[in-house]
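Subject: Model for your files

Hello,

Here is the structure I said I would pass on. My notes follow below it.

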Amino acid sequence: MKIFIILVLLFAGSNWVICQERVLEGFVYDAESEEPVIGALVFDITNKSGTYTNEYGHFSIDLNTAKHIQISFIGYQPIDTILKESLSPLTFKLQPIVLSEVVVNAQKSMRNNNPAKIILPIKTLNHMPTIGGEKDIFKSLSLLPGVSTGQEGSSNLFIRGGTPDQNLVLLDGIPVYNTTHLGGYLSVFNSDAINNVQLIKGGFPARYGGRLSSIIDIQMNNGNRSNFSGNVGLGLLNSSATCSTPLTKHKSSIMVAGRTAYLTLLKGFFDKENDYFYSMSDLNIKNHFQIGKGSIFFSFYKGSDKSNFARTIPNDTIITSQNIHWGNNTASIRYITPLSNRLFAKVLVGITTYSFKRKDKNINKETKDILYSYSNSSKIRDHLLKLDFNYTLNKNHELNFGAGGSLKQFAIKSFLKETLSKDYTTPEYYIYAEDNFRKGRFSSNIGIRWSHFYNAIHFSGIEPRILTTFKLTNFINIHGGASIMTQYISLLPNPNGFGLPNDIWVPITKETNAQTGLQASIGADITFSNWVLTIDAYKKKMTHQITFKKSLKNPFAQIGNWESLIEKDGKGDAYGADFFVKKQYRKFNFISGYTISRNYRQFNNINQGERYFFTYDKTHDFSINVTYAWKKKIMLTGNWVYSTGRAITLPVASTPLQQIYSKKNSFRLPSYHRLDLGIEYSRFTQEKNKWIWNFSIYNAYNRINPNLIRVTGNPIFKNGQYVYTERKLKITSLFPLIPGASIRYEFTSKRKNQ
Amino acid sequence: MKTFLLFFSLFVLVSCERRKETEIAIPHIKKPVVYGVISPEDGAICAITISKPVTSNNEFKPITDAFVVLERNQTNYDTLLYKAPYYYSTKDIMVDGEYSLFVQFGEYEVRSEPIKINKKISILTYDYTIDLDSTVNMKMSFKDDALAINSCSAKIYLIKPDSTKYTPLKTGGPGNYSSGPIYLSPLGFYNNHYLDDGKVHFFNRQYRLKDSPFYHIEIDSIAGIKYILRSYSPSIISFYQSLNENRQIEIGSSTAPDPSWSNIIGGYGFFGAYRKDSTILLW
């Protein structure tokens with residue numbers, strides 16, 4: 001640690017050492033809301049080199065003697081300026097462009113050096129049609145190549161052969177352990193409260209770690225520092241309200257956003273025999289205070305889902321009930337400040353909690369005796385401290401380094417006849433360093449991360465990372481990279497894979513070693529005439545995977561003793577190629593993604609030890625999204641998605657004693673495809689506030705995509721035994737054609753005299 | 001707002017009529033089904049039929065014209081003859097040697113993987129007490145090796161005071177699967193055994209004869225029990241474990257059923273062996 005502090009102080013004072021070069025640092029903001037613009041390109045026109053703004057909109061660039069720079073980002077008018085002599089930090093305010101031009105533009109001068117990294121401004125995500133007109137970040141992410149939701153209706157993401165627990169989902173730098181509302185139907189991220197989403201599927205920078213498959217880094221809005229603004233939305237499933245206001249103009253702000261569902265209002269509407277109650281709500285709050293050159297941010301999120309179900313069978317004396325409650329809470333304080341023109345520092349202290357409780361019971365209606373009772377619960381709480389630094393060494397090298405630690409507490413409990421429980425307190429810490437190098441046609445990000453975890457015994461991992469880019473021509477970049485990742489916690493898989501969650505997070509123990517992942521990738525991006533084509537082929541190997549033993553029907557009833565229920569030391573093997581195409585033509589915007597892949601698992605005691613297809617292996621996964629801006633008021637959108645049906649194990653023959661099952665997951669469900677259509681109409685009021693009407697049709701041609709599979713048959717008692725006739729295998733779709741509508745009012749109240 | 005309500009109403013009407021369910025075809029991999037067991041105590045027996053599609057009814061007709069040969073040490077040992085509803089061997093089964101089964105009928109020809117006769121579990125000691133509520137508490141020990149701990153089952157017959165006939169009693173243990181003369185009794189029963197110094201014990205197994213839901217027999221009305229213990233070859237254990245495990249799993253769940261176990265090459269089913277030991281306890 002001493003060495004780490006000395007290094008920081010050394011870098012902080014290094015302006016005196018490297019004085020022959022001129023370093024410019026500053027911030028890029030949205031001109032209307034003064035939200036930071038994340039991932040904006042700051043490009044030195046003279047030297048043909050540049051940098052991107054970080055999650056706070058901050059950049060630091062070594063200009064030497066150059067003065068001509070350009071700042072650009074998707075959905076904004078670029079700024080092209082000749083710099084005058086001025087002191088850092090500089091502030092640039094990008095002007096948003098109007099509705100018809102809100103499209104995904106290719107950045108012309110310097111491209112993303114990682115084809116597996118996608119930065120999506122929330123404006124882009126919001127124009128994609130979704131189920132019931134409900135905007136959802138994760139549903140939109142699932143349209144990208146290499147990203148799948150597994151089963152329809154779920155918001156769990158399976159990225160490049162990984163499982164949902166292998167995605168590090170960060171909300172303002174804090175991990176979120178459960179990402180779903182409404183049984184997976186919506187993600188917990190309220191798009192009104194979100195500024196930017198960054199997805200990294202490969203070529204991981206060393207500053208990220210702890211998961212094998214992806215980083216989903218979500219930044220909340222800081223709050224409008226210029227004007228009071230907000231919106232109110234009314235959808236078929238939920239309503240939302242957001243407001244944002246400066247506390248001190250241009251210096252501090254607060255943003256509050258909330259959502260709640262209406263399903264409670266439908267209680268008893270569909271089924272008189274069943275008593276069903278469901279509630280969902282979430283709240284995002286963020287404060288931003290600018291203090292000198294630095295800023296302090298307070299972020300808070302609270303989400304909660306409750307599902308209570310009770311069923312009384314007519315003429316029966318038994319009431320069956322099931323109560324499930326789950327939710328996340330996160331809170332953090334962050335301080336950022338430029339320590340010098342070259343050194344930028346970030347400090348984060350935070351806490352995140354996810355808890356889940358389920359209780360099932362059967363009660364005698366008359367005597368109120370409990371005839372059957374089963375419950376399980378789990379909780380994970382994580383206290384975090386992170387220190388991150390960014391140092392611009394010269395125009396060729398930009399260094400990132402830092403350290404952090406967390407204290408994770410797990411509590412897992414189940415009750416069925418007897419109470420079983422396990423509690424763990426596990427410290428984890430890490431240190432990393434990475435170098436972003438750019439010279440001529442070559443650029444690279446080389447880094448290393450060391451992490452350590454303790455749970456009765458010590459675990460540690462060294463994770464080297466490398467990503468290189470070579471500019472072959474003005475139109476073509478080629479990329480190659482490799483990453484090693486280590487993961488010390490796991491989410492026990494939900495055997496149903498769909499529906500209400502049963503999320504149990506567990507740490508590694510001396511019986512289950514740390515998961516490791518090695519991913520190598522090679523790709524290219526080609527840009528010409530407003531076309532952007534990205535290709536990235538990857539191969540990933542994962543070790544020490546876990547899954548439930550093969551014969552368990554309801555493992556959650558004894559989950560307090562989870563270690564005895566799992567198969568250990570599994571292997572995962574995934575490979576494939578992602579293709580991503582973007583094109584803008586006049587008022588059309590076109591995005592398409594395609595993935596061809598294979599995804600396997602292997603456990604010694606499953607499938608007789610043979611490798612088998614992972615349940616959510618999809619050979620082909622294709623999506624296309626077209627947006628057309630018509631008369632500046634109307635936006636027409638359409639999605640079409642197609643994917644190979646998921647792998648399934650089916651009985652292939654019937655014999656007197658049993659049905660004969662094939663090799664595990666050797667059959668496929670019918671392929672999945674659907675068309676979504678949407679239309680958005682905007683009307684401005686005299687005060688330049690905006691009404692937005694949104695209509696959408698999900699699954700427009702009513703494709704029956706399988707969600708549930710079952711064998712049906714009529715049993716007849718014959719010759720002393722039951723004989724089944726008319727047996728059929730049926731698939732049920734939970735999401736046929738679904739219309740959606742929402743209305744939204746966005747307002748901004750200009751306060752000139754503050 | 002009027003436009004919004006108009007579109008909303010239209011969408012709701014459109015969504016009222018919609019199909020939600022359809023059928024998918026399951027391929028049928030048609031193969032012969034062979035269940036064969038051999039025992040030095042009871043001889044050899046084999047049942048043969050042909051598999052059916054999963055979506056058909058589960059009535060199976062026995063194959064009566066098959067050519068069935070029991071092989072010992074890779075040479076023909078005996079040809080099994082059909083005597084409804086099964087094929088039987090006419091020769092005694094010897095304890096040593098490696099056995100396999102060859103079956104041919106119509107276009108089908110299947111052969112089992114070779115098996116060996118497993119060890120016999122002998123009843124070493126037994127003791128019992130009868131409680132005031134007529135519960136028989138029985139403790140037995142068996143001479144066995146560690147491998148047999150998971151490979152035995154028990155069947156109990158009641159002995160009436162003035163009769164030589166035995167009445168079978170269902171023990172109520174889990175997994176009480178019986179298939180007629182092939183007679184593979186409850187494997188779940190072994191959960192009540194534990195190993196101690198190379199012996200398998202029934203750990204204070206209680207037979208509540210009075211409360212038996214099937215026979216309602218008062219303890220005073222029987223003179224004792226006949227206790228039959230079977231120990232099985234690994235092939236039978238593997239087959240039944242696979243069968244039991246897959247019964248627990250629902251199609252479509254991500255914890256998918258595992259492939260069904262079989263040692264019949266080119267077919268379904270199993271070929272296995274068992275040993276039998278019996279004791280009569282009178283009180």
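Which residue in β45(A) is the bridge partner of Gly678(A)? The partner of Gly678(A) is Ser696(A).

Before the rest, some conventions. This is a predicted model, in which local features need pLDDT of at least 70 and side-chain atom pairs count only at pLDDT 80 or more, while totals for chains, interfaces and linings use all residues. Residues are numbered from 1 along each chain as its sequence is written, and chains are lettered from A and ligands numbered from 1 in the order in which they are written.

Strands and helices are DSSP runs numbered from the N terminus (E, at least two residues, for strands; H or I, at least four, for helices). Two strands pair if DSSP finds at least two bridges between them.

The β44 region, chain A

Strand β44(A) covers residues 672–684 and runs antiparallel to β39(A), residues 634–643, with ten bridges joining the two. β44(A) and β45(A) make a hairpin with five residues between them, and Lys688(A) in the turn has a positive phi of about 65°.

The open sheet, chain A

A mixed, open sheet of five strands has the order β9-β16-β17-β12-β13 in chain A. β9 (117–121) and β13 (174–175) of chain A are at its edges with a single partner strand each, so one side of each has no neighbour in the sheet. For β9(A), five bridges go to β16(A), residues 194–200, and the two run antiparallel. Within that pairing, Ile119(A) has Gln198(A) in β16(A) as its bridge partner.

Asp423(A)

Asp423(A) sits in strand β27(A), residues 418–439. Asp423(A) counts as exposed because it has 11 C-beta neighbours inside 10 Å; the cut-offs are 12 or fewer other C-beta atoms within 10 Å for exposed, 20 or more for buried, and partly exposed in between, with C-beta atoms placed from the backbone. Leaving aside neighbours within four places in sequence, Asp423(A) is in contact (C-beta atoms, placed from the backbone, within 7 Å) with Phe410(A) and Ala411(A). Ser378(A) is 45 residues from Asp423(A) along the chain, and their C-alpha atoms are separated by 9.6 Å.

Chain B

Chain B has two helices and 18 strands. Of its 283 residues, 34% count as buried. Among contacts in chain B between residues at least 6 apart in sequence, 64% join residues at least 24 apart.

Regards

Technical notes:
Contact = placed C-beta atoms within 7 Å.
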